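Have the sequence and the 3D view ready, and let us walk through this structure together.

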Amino acid sequence: MSLEKKITIDLIEVVKNGCVQVRTNIAIMENDQQISGTFHRHVISPGDDYSQEDDRVKAICDATHTPEVIANYKAILERN
């Protein structure tokens with residue numbers, strides 16, 4: 001019997017306000033068959049530090065978190 005924990009990012013979404021939502025799949029595998037699993041989600045808002053993220057997430061944040069998007073997001077927060 002061989003147990004293995006596999007962690008993969010299986011979903012990256014960009015929502016209208018520029019936030020990037022990341023879903024991580026945490027699977028416990030036994031002999032290449034998943035026997036248990038959970039999901040973890042986190043959000044990267046425009047202006048957040050994403051330097052420690054997965055390369056794919058960083059690329060999406062680089063493309064979407066433009067100075068204009070960051071300014072618009074901060075303006076929305078200030079109004080609320």
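This is a predicted model: local features need pLDDT of at least 70, side-chain atom pairs count only at pLDDT 80 or more; totals for chains, interfaces and linings use all residues.

Aspartate 55 is exposed, with a relative accessible area of 58%. Here, exposed means over 50% relative accessible area, buried means under 20%, and partly exposed lies in between, using a 1.4 Å probe and protein chains only.

Residues are numbered from 1 along each chain as its sequence is written, and side-chain values use heavy atoms, with hydrogens and water left out.

Back to aspartate 55, which forms a salt bridge with lysine 58, the closest N and O atoms being 3.5 Å apart. A salt bridge here is a side-chain nitrogen of Lys or Arg within 4 Å of a carboxyl oxygen of Asp or Glu. The two residues are three apart in helix H1, so about one helical turn separates them. Lysine 58 is partly exposed, at 25% relative accessible area. Helices (H or I, at least four residues) and strands (E, at least two) are DSSP runs, numbered from the N terminus.

How many salt bridges does a search of the whole structure find? The search finds three. In one of them, the side chains of arginine 56 and aspartate 54 meet, with 3.4 Å from N to O. Arginine 56 is partly exposed at 45% relative accessible area, and aspartate 54 is partly exposed at 32%. In another, the side chains of aspartate 10 and arginine 23 meet at 2.9 Å, N to O. Aspartate 10 belongs to strand S1 (residues 3–14) and arginine 23 to strand S2, so this pair ties together parts that are 13 residues apart in sequence. Aspartate 10 counts as partly exposed, with 34% relative accessibility.

Now let us follow the strands. S1 and S2 pair in the antiparallel sense over 11 bridges; two strands pair if DSSP finds at least two bridges between them. Together they form a hairpin with five residues between them, and glycine 18 in the turn has a positive phi of about 95°. Lysine 6 has alanine 27 in S2 as its bridge partner, while alanine 27 also stands opposite glycine 37 in S3. S2 and strand S3 (residues 33–44) pair in the antiparallel sense over 11 bridges, and isoleucine 28 stands opposite serine 36 in S3. The hairpin of S2 and S3 has two residues between the strands, and asparagine 31 takes a positive phi near 50° there.

Asparagine 25 lies in strand S2, which covers residues 20–30. Is asparagine 25 buried or exposed? At 17% relative accessible area, asparagine 25 is buried. Not counting residues up to four places away in sequence, asparagine 25 touches Lys6, Ile7, Thr8, Asp10, Thr38 and Phe39, where contact means heavy atoms within 4.5 Å.

Next comes the inside of the model. In soluble globular proteins, nonpolar side chains tend to be buried together. The largest nonpolar core has six residues: Val20, Val22, Ile44, Tyr50, Val57 and Cys61. The elements that give two or more residues to this core are S2 and helix H1 (55–64). Such a core is a set of buried Ala, Val, Leu, Ile, Met, Phe, Trp, Tyr and Cys residues joined through side-chain atoms within 4.5 Å. Valine 57 is in contact with Ile9, Ile12, Val22 and Ile44, leaving aside its neighbours within four places in sequence.

Finally, step back to see the whole protein chain. From the N terminus on, its elements run β-β-β-α-α. The radius of gyration is 16 Å, well over the 12 Å that the globule rule gives for 80 residues, so the chain is more spread out than a compact globule. That radius is taken over C-alpha atoms, and the globule rule is 2.2 Å times the number of residues to the power 0.38. The C-alpha trace spans about 55 × 25 × 15 Å along its principal axes. Of the 80 residues, 21% count as buried.
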